[in-house]
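My notes follow as numbered points, starting with the aromatic residues.

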Amino acid sequence: MEMPIEQKKATPKVERKKGGFRTMPFIIGDDDAFLYHGYDSELVLANETFEKVANVGLHVNMILYLLQEYNFDPATAAIIVFLWNAISNFIPMFGAFLSDSWLGRFRVIALGTIIDLVGLVVLWLTAIIRRARPECHNEEACAKPTSFQLLFLFSALALMALGAGGIRPCTLAFTADQIRNPENPQNERTMKSFFNWYYVSVGVSVSISVIFIVYIQVKAGWVIGFGIPVGLMTFSTLMFFLGSSLYIKVKPNKSLLTSFAQVIAAAWKNRHLSLPPTNSDAWYFHNDSILVQPTDKVRFLNKACILKNKEKDLDSDGMPTDPWSMCTVRQVEELKAIIKVLPIWSTGIIFATTISQQSFSVVQAGTMNREVFHMDIPSTNFSACIILTLTLWVAIYDRILLPLFPKGRGLSVKQRLGFGIAISCLATAVAAWVERKRRDEAIREGFIDNPKGVVNMSAVWLVPQYCLYGLAEGLNIIGQIEFYYSQFPKAMSSIAVSLCTFGFGVGNLVGSLIVKVVKDGTGKGGKASWLASNINMGHYDYYYALLLVLNLANLLCFLAFSVAYGSTQDIKNWDQDFTSEKEIDDK
């Protein structure tokens, strides 16, 4: 049985002069969503909204830009997109540590926004400057990109990925800083609804990008198509900085990496000590701390906070004489918070790999009848169904289904994670079946040697798998963020958010590796690879079937890890909330 690890502590009431509900255009109350029109709320969400509109369309359409303007084959282009997405999701982890340990969220978002804007401008220049792309006089005589052209292109992608490292891990946590108020009895419910409705706002932004920005890029050309995101991101940057004086800016309180290293070192030095009883007074904690004894999970690290000799181990101020030999209970629990979630986090890797397979769906849609309601829809626009479904699910769940649950608690975060993985299995199975049907139709119509031939099969057949992927994302991704956010102290909020994007980064890296292995492994001996450049000669349906097997194994792993994790309520309250913190950065 887990012993209680909290003691009562008076929290000084601090008047909130900045932030608050006015920093969001909507908040969730008991029964209704109220609309607030504070100037700073528009600035906060304007930055996030326009950043999403500017960037998401580029990620969706990059596969076409690489195929049409740089003459890559589909598998190589997909690997480049995978790696770009992977780097864009890896760097936010470093941005999170930079934010929570050194610069603070506002400064990291500001740096990321500027760098991202520069990357967008460089990418725009690749479309404006003709010699920045390889020549292609006709379909039979298309040159390969030169080293300089690739350097120019990859510099733009690298800058955008670096900018994402500042924006992605901090924006959600920074926005939560503005509205979180522990003194409000409805704070917990407000925060739960915030995560859902935050993704509604993001979903609307992404939908606009996928539908309209992508359409403009396809119909009006890359110069105009890339120029619009540059304009939107410029506007977003200006709006964000205009609201600087109105935001709550929580100062980073210490170097988390140093703290983690101290816990590991202290636990190792004390490895020969026996652990005292849970309710013993041999644990070291600061006098104003509500964490006075460690939890029973990852118990080896508990040796780092054993107070061996009060006179020798503490100085006159009650601080450790050697912080590398003894740490506080809070320091230990901060490191344990990350270690404990890693098994469940790992199940997000294959989930992210599956969700990131939409580059191939774009190629599939390009060979199908894309006429819908007498309009020729670009092949990339069908992926908008993912975001639309995600947005619709969040709205239905939060406003209709949630009130039907006892006390409005809804599904637990672990239930949402599991259902999301299960639905991704179903989505992958549907994707394999649809591709098999499309390929059989292409062969029947004589397009086996013509990968650009349009089969008599509507691209609407792709919509069910897109919708299932959107539902899976709405359950799993939002569940992941809420799970990490609830398990970490608020001083580590950026790290909590970045864990999700980091998982997507690893997932994209794994995805690129799987594509490489499948392409090379199945193409030996002169045979057509499953992922052949000619989609009709390949077997993309087999590739989806392989992903299905990986997803099913991933679901079993999640069930085991979820049971092993146990309760998510080991620590209900950490030491500080920023409303009562000593340091708020007013600069």
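1. Tyr 65, Tyr 70, Phe 72, Trp 222 and Phe 226 come together as one aromatic cluster. Please keep in mind that this is a predicted model. Across the whole structure, the search for aromatic pairs returns 21.

2. Tyr 65 belongs to helix 1 (residues 39-69) and Trp 222 to helix 6, so the contact ties together parts that lie 157 residues apart in sequence.

3. Are these two residues buried or exposed? Tyr 65 is buried, at 0% relative accessibility. Trp 222 is buried too, with a relative accessible area of 10%.

4. Lys 297 places its charged end over the ring of Tyr 565, at 4.4 Å from the ring centre. In a second case, Lys 437 lies over the face of Trp 461, and here the distance to the ring centre is 5.0 Å.

5. Now for the surface. Leu 125, Ile 128, Ile 129, Val 223 and Ile 224 make a nonpolar surface patch of about 380 Å². Helix 3 (105-128) and helix 6 (222-242) are the elements that each give two or more residues to this patch. Ile 128, one of the patch residues, is placed in helix 3. With a relative accessible area of 42%, Ile 128 is partly exposed.

6. A last item concerns the cysteines. How many disulfides does a search of the whole structure find? The count is zero. As a reminder, a disulfide is a covalent bond between the sulfur atoms of two cysteines.

7. Cys 385 has a relative accessible area of 18% and is buried, whereas Cys 467, at 27%, counts as partly exposed. The line between the two classes is drawn at 20%, because buried means under 20% relative accessible area.

Technical notes: Residues numbered from 1 in each chain as written. Predicted model: local features only at pLDDT ≥ 70, side-chain atom pairs only at ≥ 80, totals over all residues. Heavy atoms only, no water. Disulfide = S-S within 2.5 Å. Buried < 20%, exposed > 50% of the residue type's maximum accessible area, 1.4 Å probe, protein only. Patch = residues over 30% accessible without salt bridge, like charges linked within 9 Å, V, L, I, M, F, W, Y side chains within 5 Å. Areas by Shrake-Rupley, 256 points an atom, 1.4 Å probe, with all protein chains shown as cover. Salt bridge = Lys/Arg side-chain N within 4 Å of Asp/Glu carboxyl O. Helix = DSSP H or I, 4+ residues; strand = E, 2+ residues; numbered from the N terminus. Phe/Tyr/Trp six-rings, centres within 6.5 Å; stacked < 30°, edge-to-face > 60°. Lys NZ or Arg CZ within 6 Å of the ring centre and 35° of its normal.
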